[in-house]
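Welcome! Please take a look at the sequence and the 3D structure below, and then let us walk through them together.

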Amino acid sequence: MYAIAIVRYRKPLEEVLKFVDEHRAYLRALKAKGILVSSGPLEPRFGGALLLRVADFDAALLAVRDGDPFVKHGVAQYELLPWLPNIGLEDLDRA
């Protein structure tokens, strides 16, 4: 199963940037576990997006959100969207 997470900054970018290294280390750990497929900032820079591969939507997505240093430090919030891709699913499953 897949999901999209939209991460929206709740604080000014200057405050968010203080936690970028910690946030990216967290994302690299998710990538190593096979949970994160891809991620990056949105343009203009008001947040970012994550493409996630999860075993179940509810518990897995809440764990990803709650473990993010951006959320722990109160500088961002998540919008979690379960996603059921049709076209290109075989490419995602190969990754």
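Let us begin with Val-54, which sits in the loop between strand 3 and helix 3. Keep in mind as you read that this is a predicted model. Is Val-54 buried or exposed? Its relative accessible area is 7%, and buried means under 20%, so Val-54 counts as buried. Leaving aside neighbours within four places in sequence, which residues is Val-54 in contact with? They are Met-1, Ala-60 and Leu-61. Leu-42, by contrast, lies 12 residues from Val-54 in sequence and 22 Å from Val-54 in space, C-alpha to C-alpha.

In soluble globular proteins, nonpolar side chains tend to be buried together. Here, the largest nonpolar core has 21 residues, and Leu-50, Leu-52 and Phe-70 are those with the most contacts inside it. At least two residues of this core come from each of strand 1, helix 2, strand 3, helix 3 (57-67) and strand 4 (76-83).

How many aromatic pairs does the structure hold? It holds 1 aromatic pair. The ring centres of Tyr-9 and Phe-70 are 6.0 Å apart and the ring planes stand at 85°, so this pair is edge-to-face. Since Tyr-9 belongs to strand 1 (residues 2-9) and Phe-70 to helix 4 (residues 69-72), the pair ties together parts that are 61 residues apart in sequence.

| Residue | Relative accessible area | State |
|---|---|---|
| Tyr-9 | 17% | buried |
| Val-54 | 7% | buried |
| Phe-70 | 2% | buried |

Finally, turn to the largest pocket, which holds about 190 Å³ of space. Of the 16 residues that line this pocket, His-23, Arg-24, Leu-27, Gly-40 and Pro-41 are the closest to its centre. Strand 1, helix 2 (20-32), strand 2 (36-41) and strand 3 (47-53) are the elements that give two or more residues to the lining. Which element gives the most to the lining of the largest pocket? Helix 2 does, with 5 residues. Sorted by class, the lining has 8 nonpolar, 5 polar and 3 charged residues.

Definitions and conventions:
Residues are numbered from 1 along each chain as its sequence is written. This is a predicted model: local features need pLDDT of at least 70, side-chain atom pairs count only at pLDDT 80 or more; totals for chains, interfaces and linings use all residues. Side-chain values use heavy atoms; hydrogens and water are left out. Rings of Phe, Tyr and Trp (its six-membered ring) pair if their centres lie within 6.5 Å; planes under 30 degrees apart count as stacked, over 60 as edge-to-face and the rest as tilted. Helices (H or I, at least four residues) and strands (E, at least two) are DSSP runs, numbered from the N terminus. Buried means under 20% relative accessible area, exposed over 50%, partly exposed in between (1.4 Å probe, protein chains only). On a 1 Å grid over the protein atoms alone, a cavity is a set of points where a 1.4 Å probe fits but cannot get out, and a pocket is an open set with protein on both sides within 12 Å along at least five of seven lines; lining residues have an atom within 4 Å of a point. Grid points are joined across faces, edges and corners, and a volume is the space filled by probe spheres set on the points. Ala, Val, Leu, Ile, Met, Phe, Trp, Tyr, Cys and Pro count as nonpolar, Asp, Glu, Lys and Arg as charged, and the others, Gly among them, as polar. A nonpolar core is a set of buried Ala, Val, Leu, Ile, Met, Phe, Trp, Tyr and Cys residues joined through side-chain atoms within 4.5 Å. Contact means heavy atoms within 4.5 Å.
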